[in-house]
Amino acid sequence: MATPTIETPRSGRVSPGYSRTPGSRGNFEMIAWLFMRISGAILVVLIFVHLYVNLVAGDGITGIDFGFVAGKWASPFWQIWDLTMLWLAMLHGTNGIRVIINDYAEKNSTRMWLKGVLYTSTVVIVVLGTLVIFTFDPCPVIDGVAHVADYCPAP
Amino acid sequence: MPKTLSPTGTLYRGREGQWSWVAHRITGVVIFFFLLVHVLDTSLVRVSPEAYDAVIASYKNPIMGLGELGLVAAIVFHAFNGIRVILVDFWKKGPKYHRQMLWSVVGLWAVVMIAFSIRHLSHVFGG
């Protein structure tokens, strides 16, 4: 009599009753799991420096205004810093909310709707934030009136 | 007795493991919703300097100042506990020391938050 084969745990066999997404999704969930750890580790550095520079150093929150942002984004260093932070934080957060929706929303339609709203918000926020970083103008002219600041050319 | 069977409780095993997981989820959701708002408020720099300064001014009032303290508390916990989760997953002895690591997380969090509170509240309340 042949020895019964016992598959290793996590071998991909899930009782059909527990499967919410029929068919194979490849190794998307493993990539997502790994992404959370890698992006998380990077975000700790990016966000702690962000908080230190904006809220602890200098005048802290009282020093933040349009000129403060202009001063930071005059440097490609902070543009890339903020861009990386925006993308990683949004993808990390979106995946976290996706997991929470999958955990608590039991109806297929509820999950679909919640994730639809989530992904739409994510795309809007990431595109908006990226455009803002790259199209920022430290000396805007609004309705023919030039912004006055010591770093702007005299009108 | 209800006619249909439904879970009567959702407590898993309690203690450090489950509660840190609960706290990680709650802080994660809080941070995510702030992030959405934060990108929107920063985007006002493309509307006009006055629009940005007006909204940022609201972040400087005492009530919002306390809110920022809560936000930073959530971020610092999520960051430190996230490192703990990474260690539990990738460090050979991680699962064995997950409780001790949680108390280290809480201790470090307290130290960082005491220092940050003094600094931030003195800015907000004009010290």
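**View 1. The largest nonpolar core of the predicted model.** This core comprises 51 residues, and those with the most contacts inside it are Trp73(A), Met90(A) and Val45(B). At least two core residues come from each of helices H1 (28–56), H2 (66–73), H3 (76–104) and H4 (108–135) of chain A, and likewise from each of helices H1 (15–43), H2 (49–58), H3 (62–90) and H4 (98–124) of chain B. The greatest contribution, 10 residues, is made by H3(A). In soluble globular proteins, nonpolar side chains tend to be buried together.

**View 2. The surroundings of Trp73(A).** Apart from neighbours within four places in sequence, Trp73(A) is in contact with Trp78(A), Gln79(A), Asp82(A), Val132(A), Ile133(A) and Phe136(A) of chain A, and with Thr42(B) and Val45(B) of chain B.

**View 3. The interface of chain B and chain A.** Here 38 residues of chain B are in contact with 43 residues of chain A. The area buried between the chains is about 3,300 Å², with carbon and sulfur atoms giving 76% of this area. In chain B, the residues that lose the most area to chain A are Arg25(B), Phe32(B) and His123(B), which together account for 18% of what that side buries.

**View 4. Polar and charged pairs across the interface.** Between chain B and chain A there are 2 salt bridges and 8 residue pairs in polar contact. Asp103(A) forms a salt bridge with Arg25(B), in which the closest N and O atoms lie 2.5 Å apart.

**View 5. The side of chain B that touches chain A.** Helices H1, H2, H3 and H4 of chain B each give two or more residues to this side. H3(B) gives the most, with 12 residues. By class, this side has 24 nonpolar, 7 polar and 7 charged residues.

Technical notes
Residues are numbered from 1 along each chain as its sequence is written. Chains are lettered from A and ligands numbered from 1 in the order in which they are written. This is a predicted model: local features need pLDDT of at least 70, side-chain atom pairs count only at pLDDT 80 or more; totals for chains, interfaces and linings use all residues. Side-chain values use heavy atoms; hydrogens and water are left out. A nonpolar core is a set of buried Ala, Val, Leu, Ile, Met, Phe, Trp, Tyr and Cys residues joined through side-chain atoms within 4.5 Å. Buried means under 20% relative accessible area, exposed over 50%, partly exposed in between (1.4 Å probe, protein chains only). Helices (H or I, at least four residues) and strands (E, at least two) are DSSP runs, numbered from the N terminus. Contact means heavy atoms within 4.5 Å. Buried area is the accessible area (1.4 Å probe) that two parts lose on being put together, summed over both. A salt bridge is a side-chain nitrogen of Lys or Arg within 4 Å of a carboxyl oxygen of Asp or Glu. A polar contact is a pair of N or O atoms within 3.5 Å; within protein, one must be able to donate a hydrogen and the other to accept it, and residues adjacent in sequence count only if both atoms are side-chain atoms. Ala, Val, Leu, Ile, Met, Phe, Trp, Tyr, Cys and Pro count as nonpolar, Asp, Glu, Lys and Arg as charged, and the others, Gly among them, as polar.
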